[in-house]
Amino acid sequence: MSRQKRTGLLAIISTADELVDSDVYIDLEQSVGIPLRLKCEGFNFAGSVKLRAATSMVASGIRSGLIDEGTTLVESSSGNLGVALSVVAAARSIRFVCVTDPKCNPATVKLMRALGSEVVVVDQPDESGSYLSARKALVRELCERDAGFVWLNQYENPANWLAHYENTAPLIGKQFPGLDVLFVGAGTGGTLSGCAHYFRENRSAVRVVAVDTVGSVNFGMPPGPRHLPGLGASVPMPFVDPALVHDVVTVPERDAVRMCRRLARHGFLLGGSTGTVVSGAARWLAEHDPERSLTAVAISADLGDRYIETVYDDAWVQDTYGILLTEREDSNG
Ligand SMILES: Cc1ncc(COP(=O)(O)O)c(C=O)c1O
């Protein structure tokens, strides 16, 4: 999948959708005392792990003849996949319409527009309170109205999880031959399912632990309010199969925010879901590996700049979670 030329540390790309596989892992031991390596997936032109799913789905659509020069791509996204598809569409001169909702960061909407995409923000959830269902309903309507529209459908397109089965997981496996446990957050479940299938088939001793957010129904928990985009779901996701994972950790958003802000005080400005995954991993490791002997890796989906008006804004945190984070809490590492 990755087409960049590599000469030692030098990577040269020609189009913005080429995956520059970052070898950067943060060892969280020194900064926050957690025995965990964090794979940073935010270092590409889409700024997130979703470039993997986007390139994989578009390549598969072109191969199968679903996408041609007359196609307008349309997708429902809470942000990161929308940006990733905007990058891929711009790199390949394809028109792209993203259907999103008010939980999408305003900066992300601007980013997609800057990349040449059209963005439609649905402002009402459906009768059950789900924005996701409302977004999907609009996507279906657009496709019915115009035969040139193609919905990649990240929720059910196998090219989504195959991107991680073929790339993300083998990369981690190669870089950590002694890997014991991998922590992965679940949105559509593409990353989780791809990694879980890969390790089950190739390195069955590796435990894959899913990290979900309180309020997400992905692992059978009750629905509830969520404010961070990317991770969690308001309706069950087809790729999320609890039988595929060894364990599930559920993290309240306020703990995710606290962890993000703790990491930021060490210079690591990472996305909201990274706070969720690291917080869940820290809890799981404290319980299951008190001797700190396991080799543990977690996947960080994106960097923190897109969350500057939310996770990293004191007033937003207080309004949203009713908590006032003190300097001490923020920097308690
Ligand atoms: C911001 C963000 N984007 C994308 C993902 C990956 O989601 P998916 O389950 O759709 O592969 C995550 C999951 O951690 C995320 O937090």
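**The ligand pocket and the enclosed spaces**

The largest pocket holds about 790 Å³ of space. This is a predicted model, in which local features need pLDDT of at least 70 and side-chain atom pairs count only at pLDDT 80 or more, while totals for chains, interfaces and linings use all residues. Residues are numbered from 1 along each chain as its sequence is written, and side-chain values use heavy atoms, with hydrogens and water left out.

Rolling a probe the size of a water molecule over the atoms shows where empty space is left. Here a 1 Å grid is laid over the protein atoms alone; a pocket is an open set of points with protein on both sides within 12 Å along at least five of seven lines, whereas a cavity is a set where a 1.4 Å probe fits but cannot get out. Lining residues have an atom within 4 Å of a point. A volume is the space filled by probe spheres set on the points, which are joined across faces, edges and corners.

The largest pocket has 48 lining residues, and S78, G187, G230, L231 and G232 lie nearest its centre. Several elements give at least two residues each to this lining: α3 (80–91), α5 (131–145), β9 (181–185), α7 (190–202) and α9 (272–288). By class, the lining has 20 nonpolar, 22 polar and six charged residues.

The ligand takes up the space of this largest pocket (more than half of its atoms lie within 2 Å of the grid points). Around the ligand are 17 residues (each with a heavy atom within 4 Å). K50, G187, T188, T191 and S273 are the closest. This shell divides into six nonpolar, nine polar and two charged residues.

Now look at the polar contacts (pairs of N or O atoms within 3.5 Å). The side chain of S273 places an N or O atom 2.2 Å from a ligand oxygen. For the side chain of T191, the distance to a ligand oxygen is 2.5 Å. G189 uses a backbone N or O atom, 2.8 Å from an oxygen of the ligand. The ligand alone exposes 390 Å², and the protein buries 96% of that (Shrake-Rupley method, 1.4 Å probe).

Next come the cavities. There are two of 30 Å³ or more. The largest cavity has about 70 Å³ of space. Its lining includes L19, D21, E41, F43 and R52. That lining counts four nonpolar, three polar and three charged residues.

The second largest cavity has about 30 Å³. N105, P106, A107, R306, E309 and T310 line this space.

Key
A polar contact is a pair of N or O atoms within 3.5 Å; within protein, one must be able to donate a hydrogen and the other to accept it, and residues adjacent in sequence count only if both atoms are side-chain atoms. Ala, Val, Leu, Ile, Met, Phe, Trp, Tyr, Cys and Pro count as nonpolar, Asp, Glu, Lys and Arg as charged, and the others, Gly among them, as polar. Helices (H or I, at least four residues) and strands (E, at least two) are DSSP runs, numbered from the N terminus.
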